[in-house]
Amino acid sequence: MIKTVLTVNPNNEIGTIAPEIYGHFSEHLGRCIYEGIFVGRDSDIPNTNGIRNDVVDALKAVRLPVLRWPGGCFADEYHWKDGIGPLEERRRMVNTNWGGVVEDNSFGTHEFLDLCEQIGCEPYISVNVGSGTVQEAAEWIEYMTAPGESTFSKLREKNGRKEPWKVKYIGIGNENWGCGGSMEPQYYASEYKKYQQFCKDYGDNHLYKIACGPSADDYNWTRELLSHVNKWHTKAISLHYYTIPYDWEHKGSATDFNEKDYYVTLRGTRYIEEIIDKHLAIMDELDKEHEISLIVDEWGTWYDVEPGTNPGFLFQQNTMRDALVASINLNIFNSRCTRIAMANIAQVVNVLQAMILTEGAKIVKTPTYEVFDMYKEHQGARLVESAVFNSETGTDEVRIPALSQSASIKEQNGVKVLTLTVSNASLTDEAEIEIALPEGFVFDGEAAVSVLTGDMHDCNTFEEPDKVKQTRRSENWSGRTHTLTVPACGIVSASCKVK
């Protein structure tokens, strides 16, 4: 058993945890959009304007704050005019990045923004820099957000939407160091500045412009980009980092893995902490006033696809190992909430570390979904100082910290509610944690506790959709300390009033 102390100091509020840290990513890739989100108006699967009701309900339940679209690599071959107007007149194109399938563009701008309105989340649009034009990007912004009688506002009205949408987040290009154009950072910076200049604010819509930042530990990209782009050009830069157990050629199975593979994966996911801090150090140097934020708009696990599925569809199962990955990442993002403005797990349905899997009319909520549900009370809360006296776990070859945690406070009507989330990566030892408040604070009454645990291989399938499910209970917490037990390969969230 791991015995330790977790200290929490509600007096030391560090910053607000942006709800957008709990954001998601949807791309025209595999069965994310088609079958996963969009089934068409004529489908027998219950839908609203072709969008699956069950998926919308599930995403509303975790308070999904922001959704990124249309990519991904797809964004830099996507031309928005192909996806508006009558369905029968929309262009049929080959999706060259993902499986070579025909994209019929039946899910376009109107459908995506309708999806966001149904969920109640902010849209995050990635515009095409790789194969597009400045004019195309500028006209798309006008089409979506301009009021009045311009040609593009009238075209929007002709296509069924008179009032402009509110579109805040605009990513100018995606992975422009790779699939978005194989650009050098100086060249991309020049392109970025040109594009952002012509992406205008219309009416009372104000754009939050995001520049394509680095891949993983490419620190040179960050340095070169921010040597040419400043606060007058961008609000944030993006970062992409995927947790891959070994390497791109030997990613490994999502379900067939051993203890060493499990710990190697969690060690890999913890590497994002070092990556983030090194990029932030460069940003501190070149943006001393911290006026440019970091956005981790692609993250999560990436394994070999499930046997028998299209290799270009990136469909993988999701186990308790992935739940620990999600928990560790969210705790890392929370702890840097003064600099990280958003994060978007890849991807929301049927692709990579998906929240949801679908098969026909069936739906499965993955262990990762359960983690986002357990963590949702952190959204918009104030991060407070916390520290755990940690211990190592793992195998003889691979050692990692066993525990990861976040603590936040929300105040409503003068009542402070403390939310704690703690994960235990050990496969063998439960953790008995004494939670300690400083003098002047006590726990005050009933605590809502949720626990997610299981064997590292456990996953939810269409045959057993509830195998991995959080259990909920109430506990009476009082005084300055309380002992919380976190199972091996487990995650616990707890919320209690403090005074």
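Trainee: Where is S493 placed in this model?

Mentor: S493 sits in strand β25, residues 490-498. Keep in mind that the model is predicted.

Trainee: Why is S493 called buried?

Mentor: The cut-off for buried is under 20% relative accessible area. S493 has 7% relative accessibility, so S493 counts as buried.

Trainee: What does S493 touch, leaving out residues up to four places away in sequence?

Mentor: M374, L420, T421, A448, V449 and S450. Each has heavy atoms within 4.5 Å of S493, which is what contact means here.

Trainee: Now I435. Which strand holds I435, and why does I435 count as buried?

Mentor: I435 lies in β21, residues 431-436. Its relative accessibility is 0%. Buried needs under 20%, so I435 qualifies.

Trainee: Which residues does I435 touch, not counting those up to four places away in sequence?

Mentor: L6, V8, L420, F443, W477, R480, T481, H482 and L484.

Trainee: What share of contacts in the protein joins residues 24 or more positions apart?

Mentor: 77%, taken over contacts with a separation of 6 or more.

Trainee: What makes D204 exposed rather than partly exposed?

Mentor: Exposed means over 50% relative accessible area. D204 has 57%, so D204 is exposed. D204 is in the loop between α5 (185-198) and β10 (208-211). Its C-alpha atom is 28 Å from that of D287, which is 83 residues away along the chain.

Trainee: And E273: buried, exposed or partly exposed?

Mentor: Partly exposed. That class runs between the 20% and 50% limits. E273 has 26%, so E273 falls inside it.

Trainee: Where is E273, and what does it contact?

Mentor: E273 is in helix α7, residues 259-286. Leaving aside neighbours within four places in sequence, E273 contacts I332 and R336. The C-alpha atoms of E273 and I328 are 9.8 Å apart, across 55 residues of chain.

Trainee: What makes a group of residues a nonpolar core?

Mentor: The members are buried, come from a set of nonpolar residue types, and join through side-chain atoms within 4.5 Å. The largest core here has 116 residues. I276 and F333 touch the most other members.

Trainee: Which residues does F333 contact, beyond its neighbours within four places in sequence?

Mentor: I21, I272, I276, V296, W299, I340 and A343. A second, separate core has 28 residues, including I2, V384, V486 and V492. In soluble globular proteins, nonpolar side chains tend to be buried together.

Trainee: Why is the protein called as compact as a globular protein of its length?

Mentor: First, the content: nine helices and 25 strands. The radius of gyration is 23 Å, and the globule rule gives 23 Å for 499 residues, so the protein is as compact as a globular protein of that length. The C-alpha trace spans about 65 × 50 × 45 Å along its principal axes. Buried residues make up 60% of the 499.

Trainee: Where are they, and why do both count as buried?

Mentor: L314 is in the loop between β12 (293-301) and α8 (320-335). L352 is in the loop between β13 (340-346) and β14 (356-359). Their relative accessible areas are 8% for L314 and 2% for L352. Buried needs under 20%, so both residues count.

Trainee: Which peptide bonds are cis?

Mentor: Among them, the bond joining W69 and P70, with omega about 5 degrees, and the bond joining G71 and G72, with omega about 15 degrees. P70 is in the loop between β5 (66-69) and β6 (93-94). G72 lies in the loop between β5 and β6 as well. Most peptide bonds are trans.

Definitions and conventions:
Residues are numbered from 1 along each chain as its sequence is written. This is a predicted model: local features need pLDDT of at least 70, side-chain atom pairs count only at pLDDT 80 or more; totals for chains, interfaces and linings use all residues. Side-chain values use heavy atoms; hydrogens and water are left out. Helices (H or I, at least four residues) and strands (E, at least two) are DSSP runs, numbered from the N terminus. The radius of gyration is taken over C-alpha atoms; the globule rule is 2.2 Å times the number of residues to the power 0.38. Buried means under 20% relative accessible area, exposed over 50%, partly exposed in between (1.4 Å probe, protein chains only).
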